[in-house]
Amino acid sequence: MQVRRLAAWTALPLAATLGLAACGSGGDSGESDPNATVSVQIAEPQHLISTNTNDSSGNQVLSALFTPLVDYDEQNKPYEVAAESVTSTDNVTWTIKLKDGYTFHDGEKVTADSYLNAWNYGAYAPNGQGNSYFFEKIAGYEDLQSTDPDGDGPQKAPEPKSDTLTGLKKVDDLTFTVTLAKPYAEFKTVLGYTAFYPLPAAAFSAPGVIKDGFEDAPIGNGPFKMKGTWQHDAKVEVERYDAYPGEKPKIAGAEFRIYQQLTAAYADVLSDNLDVDVTVPTESLSTAATDLGDRFQQSPASSFQFVAFPTFQKEFSKPDVRKAVSMAIDRDEITRSIFKESQISARSFVSPVVAGYRDDTCGESCEFNPAKAKELYQAAGGPAELKITYNGDGGHKDWVDATCNQLKANLGVECVGAAEPKFSDLLTKVDNKQPVGLIRLGWLMDYPSMENYLGPLYTTNGSSNYYGYSNPDFDRLVQEGTAAATPDEAVKKYQQAEDILAAEMPVIPLRFGQNVYAHSTRVKNVEVDLFQVVDMTKIEVVS
Amino acid sequence: MFRYLVRRLLQMVLAFFGTTLIVYALMFAGQGDPIQALAGERPVSEAQRAYLTEKFHLDQTGVGGFFYRYVDYVGNLLRGDLGDSLTGRKISDMLAQAWPVTVKLAIIGLLVAILVGVTAGIIAGLRRGGIFDNATLALTLLVLGIPTIVLAPLAQYFLGVKLPLFPPTAGSEPSIYALLLPGIVLGSLSLATALRLTRTSVAENLRSDYVRTAKAKGLPIRRIVSVHVLRNSLIPVITFLGVELGNLMSGAIITEGVFNIPGVGFNLFRGIKTEDGPLVVGLVSVLVVVYLVSNLVVDVLYAVLDPRIRYE
């Protein structure tokens with residue numbers, strides 16, 4: 001089974017549009033104080049091990065402690081940071097050369113082994129690492145997996161055949177090669193994710209075993225090192241690592257302060273008790289601009305909100321029914337009145353943040369046209385009752401009810417929003433093929449590529465294709481895209497695949513998210529990236 | 001007295017195991033898919049699901065599975081091991097971190113209730129029908145009518161953000177000053193009830209025979225009130241406050257969330273949200289002990305306040 005995961009889904013349905021990102025922040029007044037520290041809001045991270053961290057809070061902390069092989073530029077194309085070069089002639093064997101001079105915070109030199117040990121640990125199934133699926137493209141991944149012979153039963157799964165990936169080979173201290181199982185043109189893009197950070201020898205108590213307590217004080221290769229240990233539910237403090245060879249941060253350190261409720265963090269940023277509030281709560285969006293002025297900011301994020309049609313329900317099998325429902329929804333009205341423009345209406349099937357995105361690929365089907373929608377719906381014999389199922393703990397009620405009211409008014413059908421307590425309850429119902437009606441879903445990308453939307457969401461075996469959409473032509477085009485020789489050729493294939501989605505409408509695109517964040521009067525140059533992570537090398541303290 | 005205490009302590013042991021069994025059963029029955037709940041909306045990989053299922057014995061389902069896990073839990077409990085939370089942390093560590101701050105908060109709340117509530121109650125009782133009495137009646141009704149979920153954010157916004165008298169949030173190692181606002185919010189409900197109780201009780205006792213006798217034999221009014229009336233009036237108030245201490249500790253879910261205090265309520269909320277059975281049972285077990293002990297202390301205090309009460 002193809003298993004891919006959405007990164008960082010902790011912040012629920014906020015966030016989302018393309019827009020004013022590049023406007024920078026704070027203005028240029030005042031000198032910056034290199035000896036000051038800043039505080040940044042996070043939630044309690046689930047883990048602080050690179051191969052196990054996939055929530056945005058954990059990513060935020062690790063991004064300060066580690067430097068990735070590649071990072072993403074303004075166009076979201078990868079460029080080398082800790083890597084000197086990432087090259088391949090055939091898209092199968094990739095040679096990664098490391099920059100000299102990087103050291104871990106305990107003084108150890110960063111070498112090829114630091115990467116190989118970390119990745120092997122992450123891919124080895126018995127370690128139960130949350131990011132192991134990132135390594136599945138590398139040759140030999142299957143040998144590190146094992147399946148329980150009796151499902152969830154009492155027998156234990158046998159030991160996997162191997163504990164190292166055959167696709168990883170050390171060439172010299174600063175060079176290693178990665179052999180993929182299948183050609184993949186965009187492998188360099190994937191390398192920017194948290195899962196591909198290195199680990200020092202100090203992380204392991206024995207080969208392949210992470211030392212107890214390492215997670216509470218991770219040692220990385222990044223611009224900041226830990227100050228003390230991770231104080232659970234309270235804070236994680238870091239300070240500048242002076243031997244860092246890359247771009248030096250402009251602050252002496254940072255406190256990542258843990259909040260359980262977004263409203264508490266917002267109250268703190270209002271009174272300058274907190275420097276960066278990464279997610280402004282929805283209920284404060286209408287007043288935030290007045291409260292904070294230009295300290296309330298927005299930047300593009302990768303989230304994509306949609307509702308899907310379960311294919312196991314016959315009444316939704318006709319594309320015309322699905323198109324009619326889509327045409328009966330006034331997206332702009334909902335983004336305006338409910339989300340206060342903090343999200344933008346979506347009329348394509350991938351986020352605007354990835355290369356290859358085109359506006360309005362959905363075409364007429366996503367245009368608000370109540371008259372035509374009703375006509376089409378009746379002609380296609382759509383069901384007289386609609387239901388939208390959502391998880392009640394994610395703040396979705398308002399917009400689901402608003403959408404239902406639009407469907408009622410514009411299609412002349414009955415429509416109810418049905419809340420399940422948690423997302424897992426919703427999934428259980430879908431798995432059991434209970435009649436759930438339309439399903440509310442969302443997606444955050446792991447790495448900026450069209451494939452990271454098309455693959456998991458719409459291919460037959462996609463990890464988040466809960467609604468059972470399946471089209472062999474679509475699967476083939478995505479497959480050809482991943483195997484294409486260059487990223488540009490890949491994008492062409494992906495775009496052809498997206499056109500199939502527009503014709504069949506397996507899901508209704510609704511909104512693209514954006515980061516809505518706020519900062520105190522003490523700091524400037526606050527930037528929040530596509531992964532909802534504050535750039536800790538750019539932020540400055542006004543002195 | 002000694003035999004009474006021993007009997008009460010033995011009852012406490014029974015009550016303790018009874019409640020853990022019930023709480024464990026409730027958590028077990030309400031458990032959908034804790035692994036998915038932990039992951040939120042991310043799909044869970046096969047390898048990780050297998051790993052967590054094995055680690056937390058989640059493969060044992062049904063009635064047999066329940067008893068298997070409960071016996072396992074109690075066995076570990078008796079050895080002093082509260083087990084691991086589904087997040088991988090030791091529950092004993094989490095409790096050790098969460099309790100001190102919650103106890104501090106509860107004590108501040110209780111002090112506020114006693115100092116303000118009981119004092120104002122006495123004054124209102126002594127001057128029954130006066131302006132002070134009527135004003136406190138209106139105020140306490142207002143406070144009793146506003147739920148904490150409204151009161152806490154309002155207090156935070158007006159007293160923390162708009163008029164910065166207090167820090168808007170307290171954080172993990174708060175000073176007493178930072179805990180004052182959450183403490184007042186938390187204690188305000190008990191304050192109002194304590195005030196009403198004291199007032200009624202004092203007003204009633206002022207009309208009793210022994211007060212008339214004391215007045216007749218020429219005792220100064222201050223002594224009548226402070227020694228005779230108060231001592232008799234405080235019995236119902238003490239009962240209320242004793243039970244309230246437990247309530248203040250467990251009832252801080254909202255207050256701790258709003259003021260970002262990582263205490264018991266904060267952890268309980270998270271435990272329930274992520275279906276973290278072991279964590280919820282661990283927290284509730286300690287809460288049960290708090291309730292039992294505070295009730296015992298209240299009962300013993302009766303005897304101190306009223307010598308006519310004897311325990312055998």
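The model is predicted, and local features are considered at pLDDT of at least 70, side-chain atom pairs only at pLDDT 80 or more, while totals for chains, interfaces and linings use all residues. Residues are numbered from 1 along each chain as its sequence is written, and chains are lettered from A and ligands numbered from 1 in the order in which they are written.

Chain A has 13 helices and 21 strands, where helices (H or I, at least four residues) and strands (E, at least two) are DSSP runs numbered from the N terminus. A compact globule of 543 residues would have a radius of gyration near 24 Å, and chain A agrees with this at 24 Å; the radius is taken over C-alpha atoms, and the rule is 2.2 Å times the number of residues to the power 0.38. Of the 543 residues in chain A, 55% are buried, a residue being buried if 20 or more other C-beta atoms, placed from the backbone, lie within 10 Å of its own, exposed if 12 or fewer, and partly exposed in between.

Helix 13 of chain A (residues 487-504) has 18 residues and should span 26 Å at 1.5 Å a residue, which agrees with the 26 Å between its end C-alpha atoms; the expected span is 1.5 Å times one less than the number of residues. Its buried residues are A490(A), V491(A), K493(A), Y494(A), A497(A), E498(A) and L501(A). Because these cover an arc of only 165° around the axis, they lie on the same side of helix 13 of chain A, the arc being that of the directions from the helix axis to the C-beta atoms. On the other side of this helix, D488(A) and A503(A) are exposed. Helix 11 (451-458) and helix 12 (472-483) of chain A are among what covers the buried residues.

The contact between the chains takes 42 residues from chain A and 37 residues from chain B, two residues being in contact if their C-beta atoms, placed from the backbone, lie within 7 Å. On the chain B side, helix 3 of chain B gives the largest share, seven residues.

Chain B itself is assigned domain 1 (2-78) and domain 2 (91-305), with bounds from an automatic or database domain assignment. Their C-alpha centres lie 32 Å apart, and their contact takes 15 residues from domain 1 of chain B and 12 residues from domain 2 of chain B. Helix 1 of chain B gives the most to the domain 1 side, with 10 residues.
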